[in-house]
Amino acid sequence: MFQSFKPTWTVEALYDLDIKDLKKQKIKGVLVDLDNTLVAWNNPDGTPELRQWIEKMRKANIPVVVVSNNSKDRIHRVVTSLGLTYVSRALKPFTKGLKEAAEILNLPKENLVMVGDQIMTDIKAANNFQIRSILVRPLVESDAWNTKFNRGLEKIILKKLYKNGIPFERTLK
């Protein structure tokens with residue numbers, strides 16, 4: 001039961017994703033959650049570190065698509081200044097948004113990875129879509145009101161995953 005919430009890898013932050021590691025895993029497209037993964041939910045402008053990471057991805061020819069359950073207006077406000085493509089109202093943990101992103105990128109599933117801070121939405125969606133996933137630590141400890149319930153369930157599930165010895169890699173290497 002808990003297997004559907006298991007990430008392929010975990011890293012501290014999105015910015016820790018290294019080009020060499022992605023290429024070694026044959027990842028050619030990165031799907032990324034918006035709030036608390038790409039930007040802090042309460043700081044839509046992002047950081048210089050984020051902009052550097054996006055530029056590294058561009059130079060490496062690895063496109064990044066934001067896949068978020070947020071509204072088009074919310075996402076557009078953030079990604080416009082970052083120059084990223086996005087899918088709004090993705091309906092994660094369902095696969096609708098991930099399918100749209102894969103079509104935008106025109107890449108097969110084996111060349112995609114979903115990066116997010118929530119196992120209940122991001123990781124579950126990736127597993128439902130049968131692509132690899134990377135769980136990152138949320139950028140800030142506070143959450144929007146609609147995420148707090150999921151965080152409680154998430155703690156229980158992660159505890160079970162660790163207790164039952166379900167391993168996942170802590171790095172892409």
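Visitor: Is Glu 12 buried, partly exposed or exposed?

Guide: The model is predicted, so local features need pLDDT of at least 70 and side-chain atom pairs count only at pLDDT 80 or more, while totals for chains, interfaces and linings use all residues. Residues are numbered from 1 along each chain as its sequence is written, and side-chain values use heavy atoms, with hydrogens and water left out. Buried means under 20% relative accessible area, exposed over 50%, and partly exposed in between (1.4 Å probe, protein chains only). Glu 12, with a relative accessible area of 45%, is partly exposed.

Visitor: With which residue does Glu 12 form a salt bridge?

Guide: A salt bridge is a side-chain nitrogen of Lys or Arg within 4 Å of a carboxyl oxygen of Asp or Glu. The partner of Glu 12 is Arg 137, and the closest N and O atoms are 2.6 Å apart. Arg 137 is exposed, at 53% relative accessibility.

Visitor: How many salt bridges does this rule give?

Guide: The count is six. One of them joins Asp 35 and Arg 74, at 2.3 Å from N to O. Asp 35 is buried, its relative accessible area being 18%.

Visitor: Which residues are linked in a network of salt bridges?

Guide: The network links Asp 33, Lys 92 and Asp 122.

Visitor: What is the distance from N to O between Glu 55 and Arg 58?

Guide: Their side chains meet in a salt bridge of 3.8 Å. Glu 55 is partly exposed at 34% relative accessibility, and Arg 58 is partly exposed at 40%.
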